[in-house]
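Please keep the sequence and the structure in view while reading.

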Amino acid sequence: MVTSQGTASVSFPFPSVWGIHSSIAGRTIIWGTLSIHSIIDNRVVGTVNFRGRPIPINGFWNENTKQIAFDSPYATFSGNLTIIDDQQSRIRHFILQGRFLMKPPSLQAGESGSWIATTDIALNQFPVSGNAYTGQLPPVGAFLTSNILHQHQNFGGRTI
């Protein structure tokens, strides 16, 4: 089963809040939260919050390839979804990771880097059909962004 809105079927829950981390040349540049408000007819609408102020994002989701692409006023992001089930802790990890390109008016316009965003739910809350998930361990970034996400939620939605 997948979440369905409009004519799109989506392999991850929404609305959803994700911890996000980005780096250029292996150096952390920023972390915060990514909110996916809706996906209607493969169009993604949400916000990204790096410095305490939500910034709108708009983009596209391709369910067949599990790829996402979205723009904020300062950067263009693209990435892929991985779903990892941790049977021992009964948690399903959703991991979006990929590349981004900074654009004007950012002071870092033209620079590119990598990003990872994660969210998780109880394993039995959101069944996924097919081979969309694996039993492998999540990448290290999944634990960092998971901590960011849970700290954000524990402090009443304030960015810390």
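## Terms and basis

A residue is called buried when its relative accessible area is under 20%, exposed when that area is over 50%, and partly exposed in between, with a 1.4 Å probe and protein chains only. Helices (H or I, at least four residues) and strands (E, at least two) are DSSP runs, numbered from the N terminus.

The model is predicted: local features need pLDDT of at least 70, side-chain atom pairs count only at pLDDT 80 or more, and totals for chains, interfaces and linings use all residues. Residues are numbered from 1 along each chain as its sequence is written, and side-chain values use heavy atoms, with hydrogens and water left out.

## Strand E10 and its partners

Strand E10 covers residues 112-122. Because 8 of its 11 residues are buried, E10 is largely enclosed by the rest of the structure.

Two strands are said to pair if DSSP finds at least two bridges between them. E10 pairs with E9 in the antiparallel sense over 11 bridges, and in this region Gln 97 stands opposite Ile 116 of E10. E10 also pairs with E3, again antiparallel, over 5 bridges; here Ile 20 has Ala 117 of E10 as its bridge partner.

The loop between strand E3 (16-24) and E4 contains Ala 25. Ala 25 counts as exposed, because its relative accessibility is 70%. Although Ala 25 and Ser 114 are 89 residues apart along the chain, their C-alpha atoms are separated by 8.4 Å.

On one side of the pairing pattern, strand E6 (residues 55-62) runs antiparallel to E7 and is joined to it by 5 bridges. Asn 58 stands opposite Asp 71 of E7. E6 and E7 form a hairpin with 4 residues between the strands, in which Lys 66 takes a positive phi near 60 degrees.

E7 is also joined to E8 by 5 bridges, and these two strands run antiparallel. Ile 68 has Gly 79 of E8 as its bridge partner, and the hairpin of E7 and E8 has 3 residues between the strands.

## The nonpolar core

A nonpolar core is a set of buried Ala, Val, Leu, Ile, Met, Phe, Trp, Tyr and Cys residues joined through side-chain atoms within 4.5 Å. The largest one has 29 residues, and those that touch the most other members are Phe 12, Trp 18, Leu 34, Ile 36, Trp 61, Leu 96 and Trp 115. Two or more residues of this core come from each of E3, E4, strand E5 (43-49), E6, E7, E8, E9 and E10.

## Salt bridges

How many salt bridges does the structure hold? There are 3, where a salt bridge is a side-chain nitrogen of Lys or Arg within 4 Å of a carboxyl oxygen of Asp or Glu. In the pair of Asp 85 and Arg 92, the closest N and O atoms are 2.5 Å apart. Asp 85 counts as buried because its relative accessibility is 7%, and Arg 92 is likewise buried at 4%.

Glu 63 and Lys 66 form another salt bridge, with closest N and O atoms 2.9 Å apart. Glu 63 is buried at 17% relative accessibility, while Lys 66 is partly exposed at 21%. In the salt bridge of Lys 103 with Asp 71, the corresponding separation is 3.7 Å. This pair links distant parts of the chain, 32 residues apart: Lys 103 lies in the loop between E9 and E10, and Asp 71 in E7. Lys 103 is partly exposed at 25% relative accessibility, and Asp 71 is partly exposed at 34%.

## The largest pocket

On a 1 Å grid over the protein atoms alone, a pocket is an open set of points where a 1.4 Å probe fits, with protein on both sides within 12 Å along at least five of seven lines; lining residues have an atom within 4 Å of a point. The largest pocket holds about 400 Å³ of space. Of its 17 lining residues, Ile 30, Phe 50, Arg 51, Tyr 74 and Met 102 are the closest to its centre. Strands E4 (27-40), E8 (75-86) and E9 (91-102) each supply at least two lining residues.

Key:
Grid points are joined across faces, edges and corners, and a volume is the space filled by probe spheres set on the points.
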